[in-house]
Amino acid sequence: MALSVPAALVSAQYRASWNRILRTAGVGGEVATWITLGLVVVVLFFPGLVLTRIGLDLGAELATSGDTGVLDSWNGLIAVFTLGFAILGGFRSRPSFPSSRFGRYPLRSVDLLIAELPAGLFEVFPLLATGGLAAMNLGLAVRMPRQAPIIALLALLSIATMLGTMFIASAFYALVARSRLVLAGLIAASAIAAFAGGLRGVQTAVKEWLPALVDDLPIARGYEGLVLLRAGDVLTGAKWIAVATLSTALLLAIAATLQRMRLAAELEPDTPSRRLTASIPIDGGSRSMSTLFLIQLLSSRAVLALILIPLLYSVPIAVTASMGRAALAEGTILPPPILMFVGVAEKAPLFAIFPLIAIALNAQIWMNQFGWDRKSFRTFLLLPLEPREILTGRLRGLLLFTSIQTLLAVSPLLAVRMPGLREIVAAVAAGGVALIVTTGVGHVLSILHPRAVDDDASAHIPLHLSWISPITLLGTVAELAGVWFMAESVWKGTGVVALVLSLAAAISGYRLLLPRFSALLLRERERLLSM
Amino acid sequence: MNGVSPALEFDAVSKRFGETVAVNDVSLLVPRGSLVGLLGRNGAGKTTSINLATGLLRPTAGSVRVLGLDVEANAIEVKRRIGVMPQDDSLLEYLTGSQFLRFVGGVHRLPKETVEKRSREIFETLDLDPPKGTLIRDFSYGMKKKLALGAALIHGPELLFLDEPFEGIDPVTAVTIRAILSSLQSKGVTIVMSSHVLEIVERLCGTIAIIDKGRLLAFGSLDDLRARHGDFGNLEELFLSLMGGAKPGELSWL
């Protein structure tokens with residue numbers, strides 16, 4: 001019997017993913033992968049049990065009472081998984097079957113989407129959402145055994161809704177990353193929303209709009225139909241289940257269209273950045289290594305978007321604070337949330353926070369420093385370049401990139417106030433420490449766990465390494481805060497001096513460790529070459 | 001000592017990738033000024049051998065010496081004196097051709113004027129004329145190969161490794177490259193090149209190395225090989241006889 005096209009695609013995708021895990025799992029190879037998968041199962045086991053228990057409890061209540069509050073709670077949880085996790089998953093999701101690799105085969109877009117649905121499951125958020133939805137519906141089916149087939153249908157519709165929403169969210173993020181105009185519009189809209197709505201607006205949205213939205217979700221109507229069916233109202237119940245099914249089909253059709261548009265858009269050349277690149281002088285000196293790294297980074301639209309994303313934080317603060325200040329000057333009484341924004345913008349260490357935000361956003365770069373130019377890496381190794389030149393090139397490149405990002409991010413805040421000298425020194429010192437620590441950790445991680453970044457795509461941090469970025473950043477921020485407060489408690493005003501001393505210590509530590517990093521790079525070069 | 005040392009020396013070199021033995025106990029000695037043609041089927045170990053010689057890979061057993069220097073212990077010095085044209089597309093794709101040559105020349109510490117002059121000559125000789133500002137990633141495969149050859153030559157290497165230099169190259173440029181290689185050899189430069197084009201290897205290379213499943217099956221001049229393996233008509237006949245002949249080229253459904 002002939003293999004169907006989606007089945008062939010999914011089978012190839014799973015085999016390729018599994019082979020890639022085995023190839024790049026690093027130390028311990030297959031064993032490490034199985035241990036990681038075992039840990040994932042253990043970690044997910046207890047939340048799964050809890051969700052099954054919730055399904056059992058809510059199912060028991062739905063089966064015995066017609067309380068609409070119980071249905072609301074159930075639908076709220078379903079919405080968290082189908083929408084919340086899908087939106088989060090959209091950040092990490094990318095097409096499993098890009099046109100660059102699959103465009104040459106006679107594939108229909110419907111085949112691609114059908115294959116994309118199961119292929120898209122194997123990411124952390126869709127996997128968690130699917131597990132949660134399955135566990136909840138399992139509990140519900142135990143309490144309503146006669147309605148089990150309909151519950152199975154609703155569970156499948158929930159998972160399809162989650163995946164469809166995730167693909168739409170992912171296509172939207174890709175659109176934002178490709179179009180600077182859309183990103184600028186988003187920044188402006190968030191700034192206006194921050195001023196117009198403030199925290200009170202957010203509270204209204206959470207308390208009033210969100211519950212109404214959850215109630216009107218087609219999948220929520222589907223579960224309402226299930227309760228009505230059980231209560232004997234077959235006609236209305238069947239109607240709502242049919243609405244849920246058709247709506248899910250419509251959502252998938254929209255997702256398929258967006259997916260097709262996204263795949264087509266990703267084949268378009270990136271002319272403007274090429275013209276820019278061609279004018280940059282490269283002379284082969286030690287500085288060239290950082291320039292080359294920066295050029296490679298800036299050639300990716302995903303990274304270009306990263307430069308602008310910190311503006312999503314600074315522009316709303318700047319707009320709200322400056323408009324709020326003007327309103328206060330006119331004697332207008334402002335609501336507390338706006339006053340809070342104005343207060344935050346007026347005080348230090350606002351400027352010092354932005355280098356840290358930038359470094360946190362750049363985790364996929366500093367955790368995978370060689371994946372972005374893996375093809376060039378062979379050339380570097382063939383040339384008479386010392387490994388330390390390659391490594392310090394990464395450090396300098398990251399410094400340049402983070403500096404551009406931070407300067408751009410804080411520029412709107414200059415409309416509110418100019419930072420004092422102490423605040424600037426604190427920002428440079430704190431950012432410098434964080435940059436050196438993360439780059440150093442990143443050197444080791446990038447050498448031991450290199451991951452190739454395909455054209456114009458972001459390099460997702462694999463599940464078993466994703467804890468490293470938050471732990472490194474939290475540790476660094478805790479160290480910086482500790483040093484600051486200790487110094488301030490001993491002698492007021494010496495916090496900045498302590499931060500500068502921390503930076504000096506970080507630079508010395510990096511220089512001391514550089515020969516070890518270089519030796520590691522040389523020892524593990526074959527791992528990097530096989531990336 | 002360096003003046004009389006061979007250009008390339010493999011001493012019982014093996015390279016394993018897990019269970020796979022890519023190069024198996026290979027010993028060879030390439031005198032200076034030779035032009036060696038490295039032949040073998042796909043996956044025979046040609047590229048792995050070149051990668052071992054250029055220091056990209058570390059031998060699992062044995063040692064590699066290049067121009068009298070141990071490659072592992074003197075990696076930077078060796079890389080200063082050799083030129084490598086790799087088989088795969090590993091150029092810095094977000095640079096233009098001139099930027100790339102400037103970068104490579106800079107890494108080799110060549111004066112700026114020298115790099116500019118040599119770059120111009122490389123572009124002219126290899127008929128490499130992309131529109132101004134074109135990035136390497138937009139070059140055709142053949143253009144990338146030509147640029148990689150230019151980068152391997154720009155610093156005037158003593159030993160040149162070329163992995164499939166004629167693959168994807170137009171016939172006119174192929175003639176030019178053959179002329180460049182002959183000229184380099186006449187000036188004492190040692191050249192080790194892998195190729196599947198047996199006619200070119202036969203015409204160009206004074207020394208032939210045939211490798212299969214990681215083992216060196218034959219090494220020497222055509223006359224040496226004739227003496228050892230019987231009188232064959234041409235290199236293709238010898239190669240096929242060492243490989244056990246070709247399979248019948250028929251597919252049941254065509």
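Buried area is the accessible area (1.4 Å probe) that two parts lose on being put together, summed over both. I am working on a predicted model, where local features need pLDDT of at least 70 and side-chain atom pairs count only at pLDDT 80 or more, while totals for chains, interfaces and linings use all residues. Residues are numbered from 1 along each chain as its sequence is written, chains are lettered from A in the order in which they are written, and side-chain values use heavy atoms, with hydrogens and water left out.

**Entry 1: the interface**

I looked up the area buried between chain B and chain A: about 3100 Å², with carbon and sulfur atoms giving 56%. L56(B), Y94(B) and F103(B) supply 23% of what chain B buries against chain A, more than any other three residues. I then listed contacts (heavy atoms within 4.5 Å) and found 36 residues of chain B touching 32 residues of chain A.

**Entry 2: polar links and elements**

I searched the interface for salt bridges (a side-chain nitrogen of Lys or Arg within 4 Å of a carboxyl oxygen of Asp or Glu), and the rule finds 2. One pairs K15(B) with E526(A) at 2.8 Å, N to O. For polar contacts I took N or O atom pairs within 3.5 Å, one able to donate a hydrogen and the other to accept it, with residues adjacent in sequence counted only if both atoms are side-chain atoms. There are 9 such residue pairs across the interface, both residues at pLDDT 80 or more.

I took helices (H or I, at least four residues) and strands (E, at least two) as DSSP runs, numbered from the N terminus. On the side of chain B that touches chain A, β1 (8–17), α2 (75–81) and α3 (97–107) each give two or more residues. The largest share, 7 residues, comes from α3(B).

**Entry 3: cavities**

I counted cavities on a 1 Å grid over the protein atoms alone, as sets of points where a 1.4 Å probe fits but cannot get out; lining residues have an atom within 4 Å of a point. The structure holds 5 of 30 Å³ or more.

The largest cavity has a volume of about 170 Å³. Its lining has 19 residues, and T379(A), L382(A), L383(A), V84(B) and A151(B) lie nearest its centre. β6(B) gives the largest share of this lining, 4 residues.

The second largest cavity has a volume of about 110 Å³. Of its 15 lining residues, L8(B), L28(B), L38(B), S49(B) and V192(B) are closest to the centre.

Methods
On a 1 Å grid over the protein atoms alone, a cavity is a set of points where a 1.4 Å probe fits but cannot get out, and a pocket is an open set with protein on both sides within 12 Å along at least five of seven lines; lining residues have an atom within 4 Å of a point. Grid points are joined across faces, edges and corners, and a volume is the space filled by probe spheres set on the points.
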